[in-house]
Amino acid sequence: MINVKKIAPRQGVVNGPLLFWSFLSAVVILGVIQILRRARLRNQQTNWKQIGLVIAAGTASGFTNTFYIQALKLIPVAVAAVMLMQAVWLSTLLGAVIHHRRPSRLQVVSIILVLIGTILAAGLFPITQALSPWGLILSFLAACSYACTMQFTASLGNNLDPLSKTWLLCLGAFILIAIVWAPQLITAPTTPATVGWGVLIALFSMVFPLVMYSLFMPYLELGIGPILSSLELPASIVVAFVLLDETIDWVQMVGVVIIITAVILPNVLNMRRIRS
């Protein structure tokens, strides 16, 4: 998602239509799958209240994209990426409040390592320009929304089929995007490149991640899911190196190694503890 913000504008793609077609494509793709699987909501152990809550929770993803795009207009991508990764500790904090459980010391150490690694991997320092306070606020709001997305996906509608749940989440996000970006949707042109990028983002930034969250987040220990999500930045750096021919220095590589270590560390130690 971070790299798409660099590539798509080169082809004349405008943010509003891009988001609209991304979430519309996700809703359509998952809707078709629902029809083919005959996974009707009324045949699942749910009610209209729960369906409404899951749809409302889906708006968090729409807020994440909206805040992040607006932040990129005011601050560098590196700064925005670091701010977005604050979702790691925000999600852990939110999960601790929801489930009334404190994160372990190991998880706290992993979160600190993720934040340090993110700063290095994003190439944040040295900062050579003044940063917009409003841009920082918007990027932090994107992180808050991202944290809500992870926690809501893990805690709401777990009796629903994962694909049905993902479809409802995407539907909520689409409704929000359609409302918030309506002025630009009316004035900005929709090009074939916009639709193409929209479908691509729908698959790799919404359908696959949300399905995986819905499937596996309920089974992860408190705080592990947000730490795993921090791998988004190393993946983004690899894509930037391969597709955008961007130069990756040794400091960024150290940051990537720290993030990966922070993800592996709690899982390896937990496995050893279980075996012992």
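I began with the helix definition: helices (H or I, at least four residues) and strands (E, at least two) are taken as DSSP runs and numbered from the N terminus. The model is a predicted one, in which local features need pLDDT of at least 70 and side-chain atom pairs count only at pLDDT 80 or more, while totals for chains, interfaces and linings use all residues. Residues are numbered from 1 along each chain as its sequence is written, and side-chain values use heavy atoms, with hydrogens and water left out.

**Entry 1, overall make-up.** I looked up the secondary structure and noted 13 helices and zero strands in the chain. For burial I used relative accessible area (buried under 20%, exposed over 50%, partly exposed in between, with a 1.4 Å probe and protein chains only), and 46% of the 276 residues of the chain count as buried. For contacts I took heavy atoms within 4.5 Å; among those between residues at least 6 apart in sequence, 90% join residues at least 24 apart.

How many aromatic pairs does the structure hold? I found three, where rings of Phe, Tyr and Trp (its six-membered ring) pair if their centres lie within 6.5 Å, and planes under 30 degrees apart count as stacked, over 60 as edge-to-face and the rest as tilted. One of them joins Phe20 and Trp21 in an edge-to-face arrangement, at 6.0 Å centre to centre and with 85° between the planes. Trp21 is partly exposed, because its relative accessibility is 27%. Another pair, Phe63 with Phe67, is stacked, with 5.7 Å centre to centre and 20° between the planes. Because Phe63 and Phe67 are four residues apart in helix 3 (residues 48-72), about one helical turn separates them. I also noted that Phe63 has a relative accessible area of 32% and is therefore partly exposed. Phe20 and Trp21 belong with Phe174 to one aromatic cluster.

I counted as a nonpolar core a set of buried Ala, Val, Leu, Ile, Met, Phe, Trp, Tyr and Cys residues joined through side-chain atoms within 4.5 Å. The largest such core has 20 residues, of which Leu19, Phe23, Ala26, Cys170 and Met206 touch the most other members. Helix 2 (15-37), helix 8 (162-180) and helix 10 (192-216) each supply at least two residues of this core. Apart from it lies another core, of 17 residues, and Leu84, Met85, Ala143 and Tyr146 are among them. Turning to helix 4 (residues 77-84), I found it mostly covered, with six of its eight residues buried; these are Val79, Ala80, Ala81, Val82, Met83 and Leu84.

Axes here are lines fitted to C-alpha atoms, for helices over the stretch in contact, and angles run from 0 to 180 degrees between N-to-C directions. Helix 3 packs with helix 7 (residues 133-155) at an angle of about 155°, the axes being 8 Å apart. Helix 3 passes helix 7 in a left-handed crossing (left-handed if the near helix is turned anticlockwise from the far one by less than a right angle, right-handed if clockwise). The contact includes Phe63 and Phe67 from helix 3, and Leu138, Tyr146 and Phe152 from helix 7.

Which angle and axis distance describe helix 2 and helix 3? I read about 160°, with the axes 11 Å apart, which makes helix 2 roughly antiparallel to helix 3. The crossing of helix 2 and helix 3 is right-handed, and in it Asn15, Leu19 and Phe23 of helix 2 meet Ser61, Gly62, Asn65 and Ile69 of helix 3.

Leu18, placed in helix 2, is buried because its relative accessibility is 4%. Its C-alpha atom is separated by 7.1 Å from that of Trp197, 179 residues apart along the chain. Ala182 is found in helix 9 (residues 182-187) and is partly exposed at 26% relative accessible area; between the C-alpha atoms of Ala182 and Phe20, 162 residues apart along the chain, I read 9.1 Å. Val14 has its place in the loop between helix 1 (4-7) and helix 2, and leaving aside neighbours within four places in sequence, Val14 is in contact with Gln184 and Ala188.

Note on methods. Parallel < 35°, antiparallel > 145°, perpendicular 65-115°, else oblique.
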